[in-house]
Amino acid sequence: HLLDICAGPNCGKHTFLLAAAEKMVAGRKDVTLKTIPCQRLCGKGPNIRFDGKLYNGADARLLEKLMNGMDG
């Protein structure tokens, strides 16, 4: 699985999101976490992509839901 966190100027201000993602994927070999350049959706952020699907207004609750819903 691939989790991309937008690190653009607006989304990147939400450091809590990256910190939460790092904590959730720590020790997991089935998830790769990356930061990506601005997705130009600043008004809808913070933005993430999980396995290619874009999510707007992301928070730790969404990350947890995505991680718990993975099937390997």
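Apart from its neighbours within four places in sequence, Met67 is in contact (heavy atoms within 4.5 Å) with Leu3, Met24, Val25, Arg28, Val31 and Phe50. The model is predicted, so local features need pLDDT of at least 70 and side-chain atom pairs count only at pLDDT 80 or more, while totals for chains, interfaces and linings use all residues. Residues are numbered from 1 along each chain as its sequence is written, and side-chain values use heavy atoms, with hydrogens and water left out.

Met67 also belongs to the largest nonpolar core, which has 16 residues. Such a core is a set of buried Ala, Val, Leu, Ile, Met, Phe, Trp, Tyr and Cys residues joined through side-chain atoms within 4.5 Å. Leu3, Ile48, Phe50, Leu63 and Met67 touch the most other members. Two or more residues each come from β1 (2-6), α1 (15-25), β3 (48-50) and α2 (60-68); helices (H or I, at least four residues) and strands (E, at least two) are DSSP runs, numbered from the N terminus.

In α2, the buried residues are Leu62, Leu63, Leu66 and Met67. Buried means under 20% relative accessible area, exposed over 50%, and partly exposed in between (1.4 Å probe, protein chains only). The buried residues of α2 fall within an arc of 135° seen down its axis, so they line one face of the helix; the arc is that of the directions from the helix axis to the C-beta atoms. Their cover includes β1, α1, β3 and β4 (53-55). Exposed Arg61, Lys65 and Asn68 lie on the face turned away from the buried side.
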